[in-house]
Amino acid sequence: MKKILVLGGSVFLGRAVATAALRRGHEVTTFNRGLSGSDVEGVEVTRGDRDNEGDLERLVAGRHWDAVIDTCGFVPRSVSAGARVLSSHADHYVFVSSVSAFQDWPARPIDEASPRWECPSDADESSGTYGPLKAGCERAVREHFDGTVSVVSPGIIVGPGENVGRLPWWLRRVAAGGALAPHPGDREIQLLDVRDLAEFILARVERPSECDLLVAAPAGQATFAEWLALCAKATGADPALVWMDEEFLLEQQVTPWSELPLWAPLRADWRHAWSVSSDAAVAMGLTCRPLADTVVDTWDWLRGTPGFQGKPKIGMASEKERRLLTAWRGKGSGSEETAR
Ligand SMILES: NC(=O)c1ccc[n+]([C@@H]2O[C@H](COP(=O)([O-])OP(=O)(O)OC[C@H]3O[C@@H](n4cnc5c(N)ncnc54)[C@H](OP(=O)(O)O)[C@@H]3O)[C@@H](O)[C@H]2O)c1
């Protein structure tokens, strides 16, 4: 049994980590402001703001944990301050980074040896965007935490509770009976179930070692078309998908990745969104459940959460989708097929 402190712990990945840690027999403390989500039953809940050093000092007073799992570090300066405070109160720091910390992603294939963005460990949030700041956060932990440091950089995470809203958007669209889809459908994707990631992180906590690992579903998981077919099957829909060329989508100012979630065009700057090496993680025991289970469980969760809204800017507005369908058909180039 390990004593684990989860920074965050009340939404998506943090909740999955706290839930899995309890199930694996660990003692779990979560630290968050009590603003975003709900606490997992069975954890010790502590409240505070990680950007406030006084709150962190109160958190650690007289305490010691085997491991800290940081699921919500986004600003290097704040992560530096936290790592300094936590240094003498924990043996192991697992920092959840991202593929976005790698400067080659998504234009080129990446593995653990690929270069990270340059970003200093004392950068504040105005110093850069999400990816470079994540790279700065990794440096912050390595520079300021005295014990063992593990950095885990996930690719795209989906599953029940997904707070970004990518898979939820597609599930709702497909359930509504129709959706434009980005050609080519045989493009391979890599979607990591949040629960598999949580188990992988906890395995690192149980066998602490300095490590730096990309975590993504292994290649060959599914194509975009197969994944949409799974969405159709889960929702019981039979959508008439309209596969549109990427040139057309780009001409129509559709924003890759976010407006049409998970759409990474084959053009150079997005070509390798799904070329994230998972070899090292698999060698260390990463196992991924069938994508069908992830899709079904996410649909079940979504149906039980009718008010769910993803992050702003995720998903295309229905009016724009209708406009694109009309324009595409007007070109006389429609190729329609069902998802099954
Ligand atoms: N989604 C993906 O596909 C993807 C891909 C790669 C990497 N990642 C990484 O995976 C992680 C996702 O974590 P997540 O799903 O648990 O959600 P998250 O949005 O990163 O974290 C939210 C959690 O952190 C807490 N929190 C936020 N600001 C805080 C503050 N100032 N002080 C204390 N607690 C604070 C929130 O509670 P309160 O608001 O109540 O404080 C909540 O519990 C992130 O590190 C992300 O960069 C995600």
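I take helices and strands here as DSSP runs, numbered from the N terminus, and I keep in mind throughout that this is a predicted model.

**Entry: shell around the ligand.** I first looked up which elements supply the shell around the ligand, and I found that helix 1 (12-23), strand 2 (27-32), helix 4 (130-144) and strand 7 (156-158) each give at least two residues. Helix 1 contributes the most, with 3 residues. I then sorted the shell by residue class, which gave 13 nonpolar, 13 polar and 6 charged residues. Of the 32 residues around the ligand, the nearest are S10, L35, S36, T71 and Y130.

Entry: For Y130, a polar side-chain atom is 2.6 Å from an oxygen atom of the ligand, and for R166 the corresponding value is 3.1 Å. The ligand taken alone exposes 910 Å², of which the protein buries 90%. I also checked the pockets, and the ligand sits in the largest pocket.

**Entry: salt bridges.** Side chains of opposite charge can pair when their charged atoms come close. My search of the whole structure for such pairs returned 20 salt bridges, and one that I wrote down joins the side chains of R23 and E199, at 2.1 Å from N to O. Because R23 belongs to helix 1 and E199 to helix 6 (residues 194-206), this pair ties together parts that are 176 residues apart in sequence.

Notes:
Residues numbered from 1 in each chain as written. Predicted model: local features only at pLDDT ≥ 70, side-chain atom pairs only at ≥ 80, totals over all residues. Heavy atoms only, no water. Near = heavy atom within 4 Å. Polar contact = N/O pair within 3.5 Å; in protein donor to acceptor, adjacent residues only side chain to side chain. Areas by Shrake-Rupley, 256 points an atom, 1.4 Å probe, with all protein chains shown as cover. 1 Å grid on protein atoms, 1.4 Å probe; cavity = no way out; pocket = protein on both sides within 12 Å on 5 of 7 lines; lining within 4 Å. Sits in = over half its atoms within 2 Å of the grid points. Helix = DSSP H or I, 4+ residues; strand = E, 2+ residues; numbered from the N terminus. Nonpolar A, V, L, I, M, F, W, Y, C, P; charged D, E, K, R; others polar. Salt bridge = Lys/Arg side-chain N within 4 Å of Asp/Glu carboxyl O.
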